[in-house]
Amino acid sequence: MYKILIVEDDRGLNQGITLALEREDTAFLQAHAAGEAREILEREQVDMALLDVNLPDGSGYDLLQEIRSHSKIPVLLITANDLESDEITGFSLGADDYITKPFGLMALRARVDRMRLRTGGEPESKKDDYADSRYHFQFEEMRFYVDGQEIVLSKIEQKLLRFFVRNPGQTLTRERLMDVLWGEEAAYVEENALSVAVNRLRRKLEGRAGYRPIETVYGLGYVWEKRV
C-alpha cells in the first residue's frame, strides 16, 4: 500500500485532496498541523508528502528539511504565496514540485501521478527495510530475522526498533523515545517502561554472537550503532 501524507490545515481542502487522489492501492495520512505531521512521520513509513507551507504551528519548509534529513520521498509544496522567491526556497530545500492556491484538484492529481511515476511508485517502506550481515527487518510485513532465525517482537518493540534503525549513530534521548512510543500518554507511563522495552529488544537481537547494537548513552538515552 502506497502511503501519502497530506499536511493541510484547511480541513475541507485536506479532505478534497484525499478524495481527488483516491486509488485502491493508496492510503492517505491526514495532518492539519506540523506537530501532527511529525507524529505521523515518527510512526509511519510515508511514500510521498504534500505539505502546506503555512501551518498554524510552523512551516512546511521546516517539515521538508526534516524529511530530507533521512528520506528521498517525493514532496510537493502547497502555498498561497505566488512569489518566485517562495518557489526557489522550496526547490532549494529539496521539494520535487510546487503548486499555488487556488488550484484545480485534477491538476494536483496530475502532478502527484507524475511524481509517483518518476520515482517508480515503489513504497518507501520497502526501500527502508533494514538488512546487514546479522539482521533483516521487514517492518511492513512484521518479519524480523537475527542470524537467519525469525524472532517475534511486540508492537512497542517494533516501533522502537524502527526508530533506532532510521536514526543510526544518533543519540536518541529518553524523552524523544518515550514520545515516539507513547505520544501524549507518555506522562502516564511508568518511569522504567522504556528501559524494560529496550532491554527486551536487546536480548532478542543478540543472536548467536551475543551482539547488542543498542548502546546506552549514560545520562542521555540510547544509540543504534552499525558495526558490520
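**Exercise 1.** Over the ring of which residue does the charged end of Arg116 sit?

*Solution.* Start with the rule: a charge sits over a ring if NZ of Lys or CZ of Arg is within 6 Å of the ring centre and within 35 degrees of the ring normal. For Arg116 the ring is that of Tyr2, with the charged end 3.8 Å from its centre. Arg134 does likewise with Tyr211, at 4.3 Å from the ring centre.

A word on the ground rules: this is a predicted model, where local features need pLDDT of at least 70, side-chain atom pairs count only at pLDDT 80 or more, and totals for chains, interfaces and linings use all residues. Residues are numbered from 1 along each chain as its sequence is written, and side-chain values use heavy atoms, with hydrogens and water left out.

**Exercise 2.** Classify the ring pair Tyr130 and Trp224.

*Solution.* Rings of Phe, Tyr and Trp (its six-membered ring) pair if their centres lie within 6.5 Å; planes under 30 degrees apart are stacked, over 60 edge-to-face, the rest tilted. The count comes to 9 aromatic pairs. Here the centres are 5.7 Å apart and the planes at 90°, so Tyr130 and Trp224 are edge-to-face.

Next, burial (under 20% relative accessible area, 1.4 Å probe, protein chains only): Tyr130 is buried at 11%, and Trp224 is buried at 1%.

**Exercise 3.** Now classify Phe137 and Phe144.

*Solution.* With 6.1 Å centre to centre and 50° between the planes, this pair is tilted. Phe137 is buried at 0% relative accessible area, and Phe144 is buried at 1%. Finally, ring pairs link Phe137 and Phe144 into a cluster with Tyr130, Tyr135, Phe139 and Trp224.

Notes: Buried < 20%, exposed > 50% of the residue type's maximum accessible area, 1.4 Å probe, protein only.
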